[in-house]
Amino acid sequence: MKFQTTDPVKEPSAVLYQRCTVDLRSGAITMADVPCRNFEEVVGGFGRSFQTLAERRITTAYCDENPLIVNTGLLSGSTAMTGMRTYFSGYSPIKGSKKGLPAAMWSAGSGKFGAKFKWTGLDELIFENRSATPVYALIREGTDGPLVELKPAEHLLGLSTHAKIMALQKEYPDAHFAAIGQAGEHWQTVTMGAVALSTENQLKSGEDKCRFAGRGGMGSLMGYKNLIALVAQSSDKLKPLTEEVKKVNINVVKGGGSARLQPINRGGGGGTWAAYDVLQAFHAVPLNNFRPQGNALPERLLRENVEKDYDIKSEACYRCGITCHNNIYEKHADGSRGEFLAKFDYEPLNLLGTNLGLHDAGQAARLIQLGDNYGMDAISLGVTISYALAYNERHPEQPILNGATFGDYEKIRELVIAAGEGRLPEIGQGSMRLAASTGETGYAYHVKGLEIAAYQPETNPGYAWAIAGGHMSMGTYGLLTREGKSDIDSWVQGITQDKLQIVGFDMIGLCKFFDITKGIGTQMVVDCLKSELNLEVTPDALRLAVRRAFLRGLALELRQGYSKEEFTLPAEVFDEPNPHIKLPNITTREFFAELSAKVWAAFEPELEEFLP
């Protein structure tokens with residue numbers, strides 16, 4: 001980016017970002033320095049891409065007019081801890097209104113690809129139209145600025161996400177990569193395709209340790225465009241670490257919400273996996289399609305029980321000290337480490353394990369690995385399968401698909417493979433469409449067409465107003481379980497003010513664990529922007545930019561045909577309250593109706609600015 005001001009809030013047009021537009025049909029490539037229209041565009045990520053998407057009238061995701069936008073944020077590639085994020089935006093093939101219109105969506109991922117992309121000198125890459133043949137895009141630094149070219153990709157077809165990345169590494173040993181799997185290649189029958197992002201650990205070890213931009217089917221959109229992978233080739237350009245940023249990084253590791261994610265030997269809970277312990281205390285760990293039974297079954301996948309039979313290594317992303325995930329390996333009889341199985345994060349472990357009635361860590365790991373290799377969003381995949389299992393439990397005399405039931409690992413594995421290979425659109429196209437085909441929609445656990453994460457909706461009515469997945473874009477998932485808030489006013493405040501601030505991390509280039517409870521409107525972020533880029537910003541200016549970006553996303557949902565009635569939770573949550581969840585019931589129809597009225601009363605006066 002080019003900064004011709006130190007005050008991007010008052011003078012956003014004095015900040016220019018380098019955009020490359022690639023016409024996949026003709027092969028034409030155009031570079032431009034684009035002045036920012038407002039501070040949201042300066043911050044980056046979906047704060048910028050949604051403004052481009054708002055200019056398009058898209059009625060179906062798979063059309064040439066639907067762009068794929070790849071960009072970063074202000075602090076991607078910086079020395080600020082977690083500054084590695086890449087964002088993929090477009091109109092989603094899986095998330096859409098009942099009127100049949102696709103929703104604007106973004107997906108975020110870590111790994112080192114985002115930093116390499118930024119270091120090429122490019123800030124945003126827009127893919128228009130569709131290539132007639134499979135291609136990958138090579139983005140590299142040149143003597144006079146970034147260079148982008150398209151290369152034939154037939155040799156990559158049919159490979160897993162990991163195999164594509166390792167094949168490309170042989171050609172570009174100094175690069176990092178983003179690739180789709182077989183699921184994205186079968187975009188016609190799979191709308192939950194993810195984008196795999198390479199990691200340092202993966203490239204050095206040869207083990208399939210990708211990170212993923214999973215939500216919303218951006219990998220399927222890539223597949224439709226015949227864009228199989230991206231290669232970012234650049235020398236590393238990290239600045240020397242300043243004392244200001246060093247202090248911030250130490251605070252990120254030791255304070256705020258990330259301290260509890262540290263490995264157990266550092267006094268933390270052992271990564272996101274620790275959510276099992278927190279939620280099981282309330283019997284709120286999703287089980288058998290989000291119906292906890294008040295028993296100890298989820299405890300079989302507590303870390304302390306898994307490590308008896310498997311070797312567990314806590315690991316971190318490139319240059320990150322949070323160490324939020326765990327890699328699981330087989331354990332030999334002598335206690336030594338065996339084959340790498342999968343990366344355990346809370347959502348995939350639950351939604352491809354406990355929530356399917358599977359309580360064996362090895363089985364869950366194999367399903368996670370399969371989904372990752374095929375390139376499918378673990379959340380959408382797991383929740384769609386759990387719906388099918390719930391349907392079969394209700395209709396044992398006339399089951400659907402292969403008749404799989406909760407706990408039947410072999411048949412569940414068959415569903416994952418068939419979906420990944422494009423042979424099972426009933427799973428590959430998500431729970432909203434599957435439930436519509438059966439006519440039983442009440443226990444399909446999606447909100448506005450996007451499957452919910454592994455937090456009981458009974459504990460999180462904020463899901464209804466999330467614009468890109470409940471735990472990504474509405475930070476209310478701990479408002480009841482962690483903060484104990486069960487009154488209307490606290491929930492209105494959370495949804496309309498405080499907890500929507502989590503989306504700021506999908507603008508600026510930082511992971512949410514940088515400060516998951518507060519968002520980016522903090523002195524820590526201000527200090528990083530000053531030290532890294534010499535920008536004068538205030539926490540209030542950042543918070544306002546985040547709010548405006550969120551409201552723009554909400555307005556886009558309304559423009560794409562969502563009625564207010566679709567901003568709701570699965571009907572089962574209201575109609576069959578679960579007596580086993582040991583928390584106040586904040587999802588009665590009466591509570592939700594009052595909450596909805598007050599939330600819309602707060603949002604609507606501000607939405608007028610963003611509606612056509």
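This is a predicted model: local features need pLDDT of at least 70, side-chain atom pairs count only at pLDDT 80 or more; totals for chains, interfaces and linings use all residues.
**Aromatic rings**

Begin with the aromatic side chains, which form 21 pairs. Select Trp465 and Phe592: the ring centres are 5.6 Å apart and the planes meet at 25°, under the 30 degrees limit, so this pair is stacked. Trp465 belongs to the loop between strand 18 (450-451) and helix 17 (470-473), whereas Phe592 is part of helix 23 (residues 589-607); the contact therefore ties together parts 127 residues apart in sequence. Both partners may then be coloured by accessibility. Trp465 is buried, at a relative accessible area of 0%, and Phe592 also counts as buried, at 7%.

Next, display Tyr276, Tyr346, Tyr455 and Tyr477, a cluster linked by ring pairs.

**Charges over rings**

Select Arg394 with Tyr443: the arginine lies over the ring face, 3.7 Å from the ring centre. Proceed to Arg337, which lies over the face of Tyr329 at 4.6 Å from the ring centre.

**The largest pocket**

Centre the view on Arg211, Asp345, Glu347, His471 and Phe513, the lining residues nearest the centre of the largest pocket. Its volume is about 1,000 Å³, and 46 residues line it: 25 nonpolar, ten polar and eleven charged. Elements supplying at least two lining residues each include strand 6 (102-109), helix 12 (361-374), helix 13 (378-394) and helix 17.

**The second largest pocket**

Finally, select Lys98, Glu565, Glu566, Thr568 and Leu569, which lie nearest the centre of the second largest pocket. This pocket has a volume of about 540 Å³. Helix 16 (431-438), strand 17 (446-447), helix 22 (571-575) and helix 23 each give two or more residues to its lining, which comprises 13 nonpolar, seven polar and seven charged residues.

Technical notes
Residues are numbered from 1 along each chain as its sequence is written. Side-chain values use heavy atoms; hydrogens and water are left out. Rings of Phe, Tyr and Trp (its six-membered ring) pair if their centres lie within 6.5 Å; planes under 30 degrees apart count as stacked, over 60 as edge-to-face and the rest as tilted. Helices (H or I, at least four residues) and strands (E, at least two) are DSSP runs, numbered from the N terminus. Buried means under 20% relative accessible area, exposed over 50%, partly exposed in between (1.4 Å probe, protein chains only). A charge sits over a ring if NZ of Lys or CZ of Arg is within 6 Å of the ring centre and within 35 degrees of the ring normal. On a 1 Å grid over the protein atoms alone, a cavity is a set of points where a 1.4 Å probe fits but cannot get out, and a pocket is an open set with protein on both sides within 12 Å along at least five of seven lines; lining residues have an atom within 4 Å of a point. Grid points are joined across faces, edges and corners, and a volume is the space filled by probe spheres set on the points. Ala, Val, Leu, Ile, Met, Phe, Trp, Tyr, Cys and Pro count as nonpolar, Asp, Glu, Lys and Arg as charged, and the others, Gly among them, as polar.
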